[in-house]
Amino acid sequence: MILKQRQAPAELFQLESLLKRLPPTHIQFPHWTEKLRRISAGYHGEQRIDSLWHEIGIPIPHYFIHDLFIQKQQSSHQIDTLLITSHFILILEIKSISGLLNFDSQTRQFSRTNKDGSIDGMRNPDDQVRRHEKWVEQFLTERKIKLPVIGAIVFTYPSAVIQSRAGKRIMIQSSGLPFLMDQLLRDQLQVRITKKRTESLALELAAIHSSKQPILLRMPNSLLKGVLCPNCVVRQLLYTRKRWRCDTCLFAEADSHLLALKQYRYLIGPTISNREFRDFTGISSTTTASKLLKATNMPYKGSYKDRVYFIPD
């Protein structure tokens with residue numbers, strides 16, 4: 001059973017929104033484009049792994065939690081996939097990277113050699129898995145539950161070639177996931193907790209998930225404002241006769257400002273005033289802006305003149 005489905009990371013929407021409103025000639029446009037590519041590749045790689053589970057039979061009580069984010073006071077944990085069973089717990093760290101991969105057990109350095117011979121130093125996924133393992137083990141100890149915690153690194157690209165391994169860490173290509181599960185089910189035959197306890201443990205872990213908020217970026221002065229047409233490139237809509245309208249393709253919609261509000265939240269901030277709403281959408285009328293903001297039913301604080309609305313996640 002899947003207790004938590006995987007959702008697109010908030011950073012994906014944030015960067016897509018930014019690039020729609022940033023001139024291609026901006027000095028940081030290539031940087032944000034590459035970052036969007038990496039995040040998108042990672043998300044789609046995780047989705048490919050998720051689809052493999054439909055082909056794998058797990059004949060013991062089990063629960064999936066995808067993309068579990070735990071916010072602690074001083075740190076956080078983001079676990080790509082957590083599989084809780086009555087026999088063991090499996091942690092997957094999913095990596096969508098290519099090239100020749102090297103793990104240095106002495107320096108704890110992880111690097112990738114590209115086709116052109118250049119070398120990239122990257123965060124060591126083995127260390128990430130170790131952190132997650134220790135946290136889950138502590139979580140179980142506090143509840144007096146004895147379950148083996150097994151961490152594995154899964155590479156989604158066939159072009160990822162492991163030259164040197166990270167000790168005894170399980171590292172596989174995504175195609176090897178069915179084989180790994182067969183092996184674990186053979187090795188972990190002992191039923192360690194009941195079906196009911198397995199369910200309650202999984203529900204407890206899912207309940208402490210919190211949404212990961214993207215870090216607000218420093219917005220350039222050249223950021224394009226307005227409610228954008230979904231059909232025309234960087235074409236701003238005009239609000240007339242209770243509709244947002246495009247003079248070019250004749251697109252018309254009543255609530256296009258809702259997407260603009262969501263973009264505002266992820267690009268500028270989670271609160272907005274009437275003046276800020278008018279400035280961002282291009283509406284000139286204070287009354288019209290007030291009606292549109294009230295119609296969203298967003299929570300707010302303050303009186304009419306100094307009212308601030310809280311844009312929901």
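1. Which residues are exposed on the other side of helix 4? They are Phe179 and Asp187. The model is a predicted one, and the points below should be read with that in mind.

2. Helix 4 covers residues 177-187, and its buried residues are Leu177, Leu180, Met181, Leu184 and Leu185. Viewed down the helix axis, these buried residues fall within an arc of 130°, so they line one face of helix 4.

3. The buried residues of helix 4 have several packing partners: helix 2 (29-52), strand 3 (76-85), strand 4 (89-95), strand 8 (149-155) and strand 10 (170-173).

4. The sheet is open and has six strands in the order 1-2-3-4-8-10, with mixed pairing. Strand 1 (2-4) and strand 10 are the edge strands, each pairing on one side only. From one strand to the next, the twist averages 25°. Helix 4 packs on this sheet through contacts with strand 3, strand 4, strand 8 and strand 10, and the direction of helix 4 makes about 140° with that of strand 10.

5. Within the sheet, strand 3 and strand 4 are paired in the antiparallel sense, over four bridges. Leucine 82 has isoleucine 91 of strand 4 as its bridge partner.

6. Arginine 48 is a residue of helix 2. Its relative accessible area is 39%, which makes arginine 48 partly exposed. Setting aside residues up to four places away in sequence, arginine 48 touches Ser96, Thr156 and Tyr157. Arginine 48 and leucine 92 are separated by 44 residues in sequence and by 13 Å in space, C-alpha to C-alpha.

Conventions
Residues numbered from 1 in each chain as written. Predicted model: local features only at pLDDT ≥ 70, side-chain atom pairs only at ≥ 80, totals over all residues. Heavy atoms only, no water. Buried < 20%, exposed > 50% of the residue type's maximum accessible area, 1.4 Å probe, protein only. Helix = DSSP H or I, 4+ residues; strand = E, 2+ residues; numbered from the N terminus. Arc of directions from axis to C-beta. Contact = heavy atoms within 4.5 Å. Pairing = 2+ DSSP bridges. Axes fitted to C-alpha atoms, helices over the stretch in contact; angles between N-to-C directions.
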